[in-house]
Amino acid sequence: MLNKRACTQHRYEVTAQDLPLSCPLPGFRLWDAHPRVYLPIEATGHEVCPYCGAEYVLADFQAAQE
């Protein structure tokens, strides 16, 4: 993902290894994206970025609860 344009997809699947979750994701270039915002996905397994509307789904949500 390094140097990949940020905020181009509408849905991203992430894992517990990606936490803490931020949008844009680490490794995405920031110069043409919105400010980085951290999203509290741990509680629900699903979050939507308030800036770009990207949807994030925690693939291993049950594993993260244990």
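Student: Which residue in strand 7 is the bridge partner of Glu13?
Tutor: Val57 is the bridge partner of Glu13 in strand 7. Before we go on: this is a predicted model, where local features need pLDDT of at least 70 and side-chain atom pairs count only at pLDDT 80 or more, while totals for chains, interfaces and linings use all residues. Residues are numbered from 1 along each chain as its sequence is written, and side-chain values use heavy atoms, with hydrogens and water left out.

Student: Okay. And what is the secondary structure of the protein chain?
Tutor: The protein chain has 1 helix and 7 strands, and along the sequence they follow the pattern β-β-β-β-β-β-β-α. Helices (H or I, at least four residues) and strands (E, at least two) are DSSP runs, numbered from the N terminus.

Student: Back to the bridges: how many join strand 2 to strand 7?
Tutor: There are 4 bridges between strand 2 and strand 7, and the two strands run parallel. Tyr12 takes part too, with Tyr56 as its bridge partner in strand 7. Two strands pair if DSSP finds at least two bridges between them.

Student: In which sense do strand 6 and strand 7 pair?
Tutor: Strand 6 and strand 7 are antiparallel, with 3 bridges. Val57 turns up again here, as the bridge partner of His46.

Student: What order do the strands of the open sheet have?
Tutor: The order in this open sheet of 3 strands is 2-7-6, and the pairing is mixed. Strand 2 and strand 6 (46-48) are the edge strands, each pairing on one side only.

Student: Where does Gly53 come in, the one with the positive phi?
Tutor: Gly53 belongs to the hairpin of strand 6 and strand 7, which has 6 residues between the strands, and its phi is near 80°. As background, most residues other than glycine have a negative phi, and most peptide bonds are trans.

Student: Is Pro24 buried or exposed?
Tutor: Pro24 counts as buried because its relative accessibility is 1%. Buried means under 20% relative accessible area, exposed over 50%, and partly exposed in between (1.4 Å probe, protein chains only). Of the 66 residues of the protein chain, 30% count as buried.

Student: New topic. How many disulfides does a search of the whole structure find?
Tutor: The search finds 0 disulfides, a disulfide being a pair of cysteine sulfur atoms within 2.5 Å.

Student: Which residues of the largest nonpolar core touch the most other members?
Tutor: In this core of 13 residues, they are Val14, Leu21, Leu25, Leu39, Cys49 and Tyr56. Strand 2 (11-14), strand 3 (21-23), strand 5 (37-39) and strand 7 (55-58) are the elements that give two or more residues to this core. A nonpolar core is a set of buried Ala, Val, Leu, Ile, Met, Phe, Trp, Tyr and Cys residues joined through side-chain atoms within 4.5 Å.

Student: And what is Tyr56 in contact with?
Tutor: Setting aside neighbours within four places in sequence, Tyr56 is in contact with residues including Tyr12, Val14, Leu21, Cys23, Leu39 and Cys49. Contact means heavy atoms within 4.5 Å. Tyr56 is buried, at a relative accessible area of 1%.

Student: How many aromatic pairs does the whole structure have?
Tutor: The search gives 2 aromatic pairs. Tyr12 and Tyr56 form a stacked one, 5.1 Å centre to centre with 15° between the planes. That pair links distant parts of the chain, 44 residues apart. Rings of Phe, Tyr and Trp (its six-membered ring) pair if their centres lie within 6.5 Å; planes under 30 degrees apart count as stacked, over 60 as edge-to-face and the rest as tilted. Tyr12, Phe28 and Tyr56 make up one aromatic cluster.
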